[in-house]
Amino acid sequence: MTGTKNAVRWGALALGVLLFAAALYYINISMAVGTIRRLGLALPLAIVASGVWHLARTWAWAWCFPQPRRVSFLRLARVRLAAEAFSYLTLRGIAGEPLKVVLLSDRVDAREATAAVALERLAYMIGTTLIVGLGSLIAIVMLPLTRVWFRVFRAFAIAAGVIAVLTAIVIRGRGTYVYAFFARWDRRFGTSIGGGRIARFISAVERQMLDLVRGNPARLAVLLVATTASYVCMALEAWLILHASGTPASAVGALAVETFSRVASFASAFIPANLGALEASSLAAVSAVGIAGGGVALALARRIRGLFWAGLGLAIYPRGAQRVRDFTNGNSGTRLATHDGPALLYVMRDPRVGVSPHVRLAGLPLSERILRAAFRAGYSRVVVWTGPSTAREDRAFARTAAQFGARVTLAREPQQWTAALQTLDASATVTAVGAGILVSPALLADASTHAAGKGAPREIAAGEQFPSSGVLRVAVADAARPAVLAALLRTASARGQRPSGEDVSRGRARLAIRMRENADVPPAEATLRRSSYKATDAKLARFNRRMSLPISVGLMRTPLTANQLSVILVALGFYSAWLFSIGHYLTGVLAAFLSLAASILDGCDGEIARLKYQESALGCWIETAGDYSYYIAIFVGLTVGAVRATGLEFFYWVGIAALGGTLVTFALLIYLRARITNGQPDRLHAVAKERFKAEPTFWSKIVWRVSFVATRAAMPYGIMGLALLHLLSGVIVIAAIGANVYWISLVLKLRDLLRNEEAVTA
């Protein structure tokens, strides 16, 4: 397993290197290789300098938490690198900052984490702005600037001075600002914004930030020192690269280069991976100090550095540990999970069931799937009857169970089973699952809401048309003997028909699979895979899943998470967009092929999440952000490629129209996703379809039927066909028309889409 984990980690890094190497091939391979050779040792030294920059930023972030800090420095460094990698590939400062809070949610309160992230980000921006002002003054005094650059640096210095004064006022003050603004607004207009959940959260974060800043002068000093150190590291990187490229710069010149680069970095935060902005800012910065010859080397080195740290961040992406709360049994001294949720009894071995409890289904052992499903459903305790077995698979299962801490109890002997049940409330009702049975977290969650009396076990239905699932609710007293409980479960599982995978994917039933012999395993595998489909999948999406599901199952045994895969696919989409922008036939076909491949693989992240029981609103939002980034990048690339291929600047206006319509559409979809899905963003399509067709018109029917063409599953096929026909410029024209027609249709149907939004249930 360690070898597989290392392979995935280094594979993430290798992906970034391969993408960069491919980009160099299409730019100018000889020039790029020659530049890298000239840099020599300066390139790894520059990466080391940027590593010190990351450590300084992590050090500053660590000081932004209330003391004593509940998370280690190493954990913070991993979280920060992972979030920065995601930011690098999407929108810096927007996509990555919330991810830091999420990755720390298992150890740090959301308000504390949000305050720490916001404080470090603000401190870095303000500190950098002040240093930019100082660097601008030095450049004005000590460098022979042209009239234009003199005005640019003078503007930097004035802006930095204004921010310095405002920062001093905030630090010296005593009150709050955001909360006071909400209060004044409410008094003036008679509203209650300040009492809302979001306003209260923002106000709490503001108070915590101000307390952290005003109550600890040492913290201010650390933040200032860390920001200064970060700035010096980046200036040192510029100095190293410029010297190695044969265009030596003075310390003041390197400081001026970094000063301009910092401002450009802030201004281009909304450009994924700083595509184009990094190269332009590097060339402009060295031109300002009169050493334009080093611009290409500086841009190339910084691009390599960015890809290196993004790849490393993806490779060490931390998994959120599940917090285990426990107490000590004073009699036995054993550690037991607190009873803040239902309990599950799992009889994983029955002499009359021929299927191994560790048979693999969609990449995971059956026994592990039961544990994952139980904890996903909110169970706090699982007691497993393993029986007296020394099989190698049982030892592997014991290691898996140990990952869940004291919440899992393995009983090999009847005495151990009895002792485990004695820790439960004797009058309680528990859920029981037998050998050869696989059920979904949703069915286990349903089961936990039912009660059963002593001597009257209750079977849980898998759906309206499927009254039997093999899952029982029993009184603790009725489960005292494993053999008796196994017989009850065996009898229950023998009754009734089980739902198909299509029934499950379309929401007609919960997943409930029954296996008795090894011959039942292949049909069970097919049912489980089919259940991972979405109810909203069109025919083309289902066709794609025939290719993506085997890949997803293959990835199940690796530590790669669904969110990591989403980020990797974003990178592949951006590379496709860059190839589109070249405007050549062959690169256009290659870009279309990669775009199609990314579309097929796009199903893998959701499939992995569902098959690993890791679905989350965050994952849905990450996937959505990736899809939106894909559309924007592809349309930009196609626009530039159309201009280069045809020589007609008219396509710039067409591209602007396509991007404008796309952004308005995204804004409306994000609004609807937040308003009508009741915290389940993945339900947007199903809810919108129902309401869009509530009062159908001829126009709405056409728009809804044609809208599937613009989906991530369908659009790449059209792009591939037009690329083969050498008609890629037509894609941007179709996109401009379609995007604007679609958002107008959404506005016209907005009232229908928002009706009865409170009726949407989980």
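Helices H5 and H9 are oblique to each other. In this predicted model, the axes of H5 (residues 110-142) and H9 (residues 217-244) come within 9 Å and cross at roughly 60 degrees. An angle of 65 to 115 degrees would count as roughly perpendicular. The crossing of H5 and H9 is right-handed. On the H5 side the contact is made by Leu119, Ala123, Tyr124, Gly127, Thr128, Ile131 and Val132, and on the H9 side by Arg219, Leu223, Thr227, Thr228, Ser230 and Tyr231. By class, the residues of this H5 and H9 contact divide into seven nonpolar, five polar and one charged.

**Two further helix pairs**

Helix H22 (residues 585-611) packs with helix H27 (residues 715-724) at an angle of about 165 degrees, their axes being 9 Å apart. The two helices, H22 and H27, are therefore roughly antiparallel, and H22 passes H27 in a left-handed crossing. From H22 the contact draws on Tyr585, Gly588, Val589, Ala592, Phe593, Ser595, Leu596, Ser599 and Ile600, while H27 supplies Pro716, Tyr717, Ile719, Met720, Ala723 and Leu724. These residues of the H22 and H27 contact are twelve nonpolar, three polar and no charged.

Helices H13 (residues 366-376) and H14 (residues 392-402) have axes that come within 10 Å and cross at roughly 15 degrees. That angle makes H13 roughly parallel to H14, because angles under 35 degrees count as such. The crossing of H13 and H14 is right-handed. Ser367, Glu368 and Leu371 of H13 meet Phe397, Thr400 and Ala401 of H14, a contact with three nonpolar, two polar and one charged residues.

| Helix pair | Axis angle | Axis distance |
|---|---|---|
| H5 and H9 | roughly 60 degrees | within 9 Å |
| H22 and H27 | about 165 degrees | 9 Å |
| H13 and H14 | roughly 15 degrees | within 10 Å |

**The chain as a whole**

The secondary structure of the chain comes to 29 helices and twelve strands. Of its 762 residues, 51% are buried. Among contacts between residues at least 6 apart in sequence, 74% join residues at least 24 apart.

**Two buried serines**

Serine 50 is found in helix H2 (residues 42-62). With a relative accessibility of 1%, serine 50 counts as buried. Setting aside neighbours within four places in sequence, the contacts of serine 50 are Met234, Glu237, Arg305 and Trp309.

Serine 87 sits in helix H3 (residues 73-89). Serine 87 also counts as buried, at 1% relative accessibility. Its C-alpha lies 8.9 Å from that of alanine 310, although serine 87 and alanine 310 are 223 residues apart in sequence.

**Aromatic residues**

The structure holds nine aromatic pairs. One of them joins tyrosine 575 and tryptophan 578, with 6.4 Å from centre to centre and 10 degrees between the planes. This pair is stacked because planes under 30 degrees apart count as such. Both residues, tyrosine 575 and tryptophan 578, lie in helix H21 (residues 562-582), three residues apart, which is about one turn of the helix. Tyrosine 575 is buried, with a relative accessible area of 10%, whereas tryptophan 578 counts as partly exposed at 26% relative accessibility. Elsewhere, Tyr630, Tyr631, Phe635 and Phe666 form one aromatic cluster.

Alanine 362 has a positive phi of about 50 degrees although it is not a glycine. This alanine 362 lies in the loop between strand E4 (360-361) and strand E5 (364-365). Is alanine 362 buried or exposed? At 0% relative accessibility, alanine 362 counts as buried.

Histidine 726, likewise not a glycine, has a positive phi of about 60 degrees. The loop that holds histidine 726 runs between H27 and helix H28 (729-748). Histidine 726 counts as exposed, with a relative accessibility of 51%; the cut-off for exposed is over 50%.

Key:
Residues are numbered from 1 along each chain as its sequence is written. This is a predicted model: local features need pLDDT of at least 70, side-chain atom pairs count only at pLDDT 80 or more; totals for chains, interfaces and linings use all residues. Side-chain values use heavy atoms; hydrogens and water are left out. Axes are lines fitted to C-alpha atoms, for helices over the stretch in contact, and angles run from 0 to 180 degrees between N-to-C directions. Helices (H or I, at least four residues) and strands (E, at least two) are DSSP runs, numbered from the N terminus. Angles under 35 degrees count as roughly parallel, over 145 as roughly antiparallel, 65 to 115 as roughly perpendicular and the rest as oblique. A crossing is left-handed if the near helix is turned anticlockwise from the far one by less than a right angle, and right-handed if clockwise. Contact means heavy atoms within 4.5 Å. Ala, Val, Leu, Ile, Met, Phe, Trp, Tyr, Cys and Pro count as nonpolar, Asp, Glu, Lys and Arg as charged, and the others, Gly among them, as polar. Buried means under 20% relative accessible area, exposed over 50%, partly exposed in between (1.4 Å probe, protein chains only). Rings of Phe, Tyr and Trp (its six-membered ring) pair if their centres lie within 6.5 Å; planes under 30 degrees apart count as stacked, over 60 as edge-to-face and the rest as tilted.
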